[in-house]
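Please look over the model shown here before turning to the numbered points that follow.

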Amino acid sequence: MEVSSGDESPLPSNNVKALASLYSNYVRNSIRSFFPISIGFPDGFLSRIVSFYGSSKRRRRRKTCLPLPLPSITAAASLDRSSAITPEAHRIFNVLEDIIEHTLQNLHKIQKNLGFWHLRAEGSSARKSYFMICERGPCAFINGTLQLIRDCLADGSSMQKLHCSASSYISERISVLASLRYCLATFLAKVYMEVDRIGEDLVKDPENSLPSLLVTINDLFLKLEASIGHFHANRQSGSSVDGSYSVPLMFAKLPEVNQEGSQWSECEIRDAINLIYENLHTLDSYLSVLVAKHRKPKKVTLYWMHYTCGAVGISVCSLWLLRHSKLMGSSDIDNWIREAKDSTITFWNDHVEQPILSIRDELFETFRKRQKGVMEREEVKLTADSLHRMLVAFSEQTIGKKFPENASDQKMLEIVMNRYEKELTHPIQGLVGGELVRALLIQVQKLKLDIEEAMLELDQILRANEINFAILAALPAFFISLILVMVVRAWFKQDTRAEGRGRVARIQRRLLLREIERAIMQFQIYKDQGLENDAQCMYGLGLCFLDSLHCLVERHAKDTGEWICLRQDIIDLAKPGLQTEHKLSIASRMERVYDCLLPSSKRN
């Protein structure tokens, strides 16, 4: 089946390149018709071989994508690859999935770069000037600095010119990326609406529905070519984009003879599918070049000054270490390593090993310590018994009567104190022939008993809190371990991304849901005003946001068991025929019900 160019004018006879390209396309399509088609890939058999061997960086396919607006039974059958659906339906389902997937991927790239330039456009003039000089690489830094000096020496309006240049630089990229987003969003909306319109017929009667759907998709590609083609023709003469634009976007189209027929052969369907894959590959190639010329700077380019300062710092540190190493005859590094090793061992022994051993001894060797405590109590008891005997003997001798064995020490001590006070009236006589010395010795024995009892109580308090002291000594090591665990946990979870479970990730998902609601309302406003193209663009952007939400919440929703209901709500929001009021109510319910979309405060 011959494939003609998108331009309907005949090729000139002297255009050798166009003639060779035409025949090479014809030969390639003829050869490809003899090979089976693998419909899971975006291009034909030979194109896949070329891309496999010629590209060192293959694009990774996404894990999930917004499903097609097909009946649920059919969608399940297409996912399960059941034999209930014909091979033609399988092929067209994969064609539609690839078209929507590739378009969504390109939209996500454009949206990401457009968001960066919008942030730069909202910044102050000083922020824009800093970007122009310091965040576009070393060459732009040198050229911008020299131009700034020349303008300052010439007329003194260097900063004003730099501000104008920065605004023009940013606005040009915003204009191109916004136009690309408009065209791709409109194309995506038309494809999605067409699949929703013809879905039932495609399932029931694929043989009669396939030709009309393929023709419609081919027409949509040609309309996309017409809408994007102005980028090549309307390029500004003073553009800040490096290099030249790529060649004009030109899609292959179906021959007129096939568009008129209602029944197509297997070969014609195969060639039409190959042609759609070829157009899809052409669109990807064109957009990759065009977006690359207007994309945001790479991270290395944005932070080249930080990386340069880091490299200089590392070089200085390396030279300093080299100066103190053995290569230069110095033993400083060996001494530092030895001291660090000794400090680490000391810290380990004082704050990790010894506290743990103390806790272990306190928990598992208390029996031995209790036996030791019993012996100490016996010593106190011996002192108390000795004091009791001394008091009994003194009291009996002083009063002249016998005291019982269980007499109170307090009463006998009162007798001793009374005698002591009486002897103090005549101290010399009391020392020589009285009981003053004996009363003093009894008081010394009483003081000894009080001290031993106090020491026993203090020892019991220390033993009771020994485990607390061991835990207190281990607190520095515990806090260091806790900080390390928190750092490793934050690194693994990466909650700053929208797929995470932290507060920042929840905020990003809720903001994405707000963008979906805004796109739905803006779609209805444009539709009421009769702006059909603008309404289709907003619908396509809504599909792009829904696809992002579909990918971000899948893992979290599956963990909480909400994925089936949440996925159905996302599919309902993507339906073209559902009323705006119902879509807004679904979005509001999603924000209130599902755990992955709740704010952190309400969730707690």
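1. Lys411 is found in helix 16, where helices (H or I, at least four residues) are DSSP runs numbered from the N terminus. With a relative accessible area of 59%, Lys411 is exposed, on a scale where buried means under 20% relative accessible area, exposed over 50% and partly exposed in between, for a 1.4 Å probe and protein chains only. The C-alpha atoms of Lys411 and Leu391 are separated by 9.4 Å, and these residues are 20 apart along the chain.

2. On the basis of the model: it is predicted, so that local features need pLDDT of at least 70 and side-chain atom pairs count only at pLDDT 80 or more, while totals for chains, interfaces and linings use all residues. Residues are numbered from 1 along each chain as its sequence is written, and side-chain values use heavy atoms, with hydrogens and water left out.

3. Helix 16 covers residues 409-424, and its 16 residues should span 22 Å at 1.5 Å a residue, which agrees with the 22 Å between its end C-alpha atoms; the expected span is 1.5 Å times one less than the number of residues. Buried in helix 16 are Met412, Leu413, Ile415, Val416, Tyr420 and Glu423. Seen down the axis of helix 16, these buried residues fall within an arc of 155°, so they line one face of the helix, the arc being that of the directions from the helix axis to the C-beta atoms. The face turned away from this buried side carries the exposed residues Gln410, Lys411, Glu421 and Lys422.

4. Which residues do ring pairs link into a cluster? They are Phe116, Trp117, Phe131 and Tyr169, where rings of Phe, Tyr and Trp (its six-membered ring) pair if their centres lie within 6.5 Å, and planes under 30 degrees apart count as stacked, over 60 as edge-to-face and the rest as tilted. By this rule the count comes to 11 aromatic pairs. The rings of Phe116 and Trp117 have centres 5.1 Å apart and planes at 75°, so this pair is edge-to-face. Phe116 counts as buried at 10% relative accessibility, and Trp117 is buried with a relative accessible area of 0%. Trp117 also forms an edge-to-face pair with Phe131, at 5.6 Å centre to centre and 85° between the planes. This pair links distant parts of the chain, since Trp117 lies in helix 4 (residues 87-122) and Phe131 in helix 5 (residues 125-134), 14 residues apart.

5. Tyr169 deserves a separate look. The charged end of Arg173 sits over the ring of Tyr169, 3.6 Å from its centre, and Arg136 lies over the face of Tyr169 at 5.0 Å from the ring centre; the criterion is that NZ of Lys or CZ of Arg is within 6 Å of the ring centre and within 35 degrees of the ring normal.

6. A cavity is a set of points, on a 1 Å grid over the protein atoms alone, where a 1.4 Å probe fits but cannot get out, and lining residues have an atom within 4 Å of a point. By this rule the count comes to three cavities of 30 Å³ or more. The largest cavity has a volume of about 80 Å³, and its lining includes Ile516, Phe523, Tyr539 and Lys583. The elements that give two or more residues to this lining are helix 20 (503-528), helix 21 (532-552) and helix 23 (563-574), and the largest share, five residues, comes from helix 21.

Notes: 1 Å grid on protein atoms, 1.4 Å probe; cavity = no way out; pocket = protein on both sides within 12 Å on 5 of 7 lines; lining within 4 Å. Points joined across faces, edges and corners; volume = space filled by probe spheres on them.
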